[in-house]
Amino acid sequence: MACVLLFSRLLPFSHRLTRTSICLLSLLLSYLCYCALFPADTIMQKSGDPTPSCQRVLADGAKRRLQKSLSCVSPSDARPSGAEASRPRADQVRPSSALHVVRNDTPSPPMSNLKFGNKKLPNAIIVGVKKGGTRAVLEFIRIHPDVRAAGTETHFFDRNYDRGLEWYRGLMPRTLESQITMEKTPSYFVTKETPHRISAMSQNTKLIVVVRDPVTRAISDYTQTLSKTPDLPSFQELAFRNQCLGIVDTSWNAIRIGLYALHLENWLRYFPLAQIHFVSGERLITDPAGELARVQDFLGLKRIVTDKHFYFNRTKGFPCLKKPESSGSPRCLGKSKGRTHVQIDRDAIEQLRDFYRPYNVKFYEMVGHDFKWD
């Protein structure tokens with residue numbers, strides 16, 4: 001229409017032009033008008049940019065005005081021609097504040113899950129035993145990128161069970177779907193109600209028990225208690241009802257914990273033996289990488305924690321973790337680990353070995369492994 005009006009005013013001049021010149025001039029003027037109405041940068045799109053709905057809107061520019069935001073309209077708003085109507089609808093194209101629309105067919109996960117993960121009930125629990133090396137196992141296995149663990153003992157299944165599973169879940173670290181959630185509370189192994197309670201939570205929970213020569217374990221237990229209670233009676237007074245007759249006081253917790261066979265019988269009522277892994281507290285000191293390799297196998301993890309992560313601290317008499325790349329110093333366990341034991345009378349030690357021997361033999365038979373504590 002603009003070109004027709006223009007030629008009507010230029011008629012005195014245009015009658016002197018040839019028909020070909022008039023056609024060319026009309027085309028030129030039409031092109032200039034089109035460029036003035038639709039600048040080139042508004043219709044240029046990146047190569048391969050799938051925005052057919054934008055192109056249709058721009059093609060019908062004489063009928064529609066571009067939105068002030070310069071965003072694409074949906075195909076339902078445009079009025080495509082017959083050829084365009086046969087094309088697939090571009091419903092996947094999202095409106096944007098710019099003309100260049102980016103297609104993203106894969107929905108993004110919620111940012112909270114992507115960044116932090118979720119709190120889950122534990123897949124595996126270190127259930128015992130006290131002074132066996134549970135803290136070492138926990139700290140060593142936490143090196144693995146696929147393991148996240150609660151840092152403190154939760155005591156949920158023995159002391160806090162009435163608080164409920166959601167309270168327990170809240171104590172767990174956030175983990176990704178591929179990671180294992182763990183916790184450790186050594187008193188679980190000797191608490192009668194614990195196996196049933198864990199089984200009620202999940203019968204698939206994997207259990208780790210760190211065991212140690214029960215005589216050495218009892219002395220270590222006493223040494224720790226003595227450091228907190230200096231006026232404690234002597235080890236012999238607590239360990240024996242009558243030392244002359246060799247009668248051991250099994251009511252003392254330090255002695256009772258070492259009756260591994262009796263405690264294991266309770267666990268086997270609720271869990272198959274294949275679901276319980278036993279770590280040797282002695283080998284954990286002499287060969288930490290070997291013990292951790294077996295723990296990783298039991299948990300279904302790739303063997304990432306290896307001997308390159310450990311060194312033996314001669315002062316503590318215990319393995320420590322080598323300096324991580326992000327830290328300036330090696331990582332050893334606390335002062336309570338590797339503490340020098342109280343000296344106990346040799347006769348008392350031999351009496352205790354005699355007492356524990358039948359329980360140890362039974363334990364070896366139950367787990368199918370000789371820990372050689374005699």
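Strand β2 (residues 124-128) and strand β5 (residues 180-184) run parallel and are joined by three bridges; strands here are DSSP E runs of at least two residues and helices are H or I runs of at least four, numbered from the N terminus, and two strands pair if DSSP finds at least two bridges between them. Within this pair, I125 stands opposite E183 in β5. The model is predicted, so local features need pLDDT of at least 70 and side-chain atom pairs count only at pLDDT 80 or more, whereas totals for chains, interfaces and linings use all residues. Residues are numbered from 1 along each chain as its sequence is written, and side-chain values use heavy atoms, without hydrogens and water.

Both strands belong to an open sheet of five strands with parallel pairing, in the order β3-β5-β2-β6-β9. β3 (147-149) and β9 (276-280) stand at the edges; each has a single partner strand, so one side of each lacks a neighbour in the sheet.

A separate pairing links strand β10 (residues 310-313) with strand β11 (residues 318-321), antiparallel over four bridges. Here F310 stands opposite L321 in β11.

The UniProt annotation "binding site", from an unreviewed entry, includes T134 and H341; such annotations may be inferred rather than shown by experiment, feature names are shortened, and positions follow the numbering used here. T134 is found in helix α7 (residues 134-141). T134 is buried, with a relative accessible area of 5%, whereas H341 is partly exposed at 27% (buried means under 20%, exposed over 50%, partly exposed in between, with a 1.4 Å probe and protein chains only). H341 lies in the loop between β11 and α16 (346-367).
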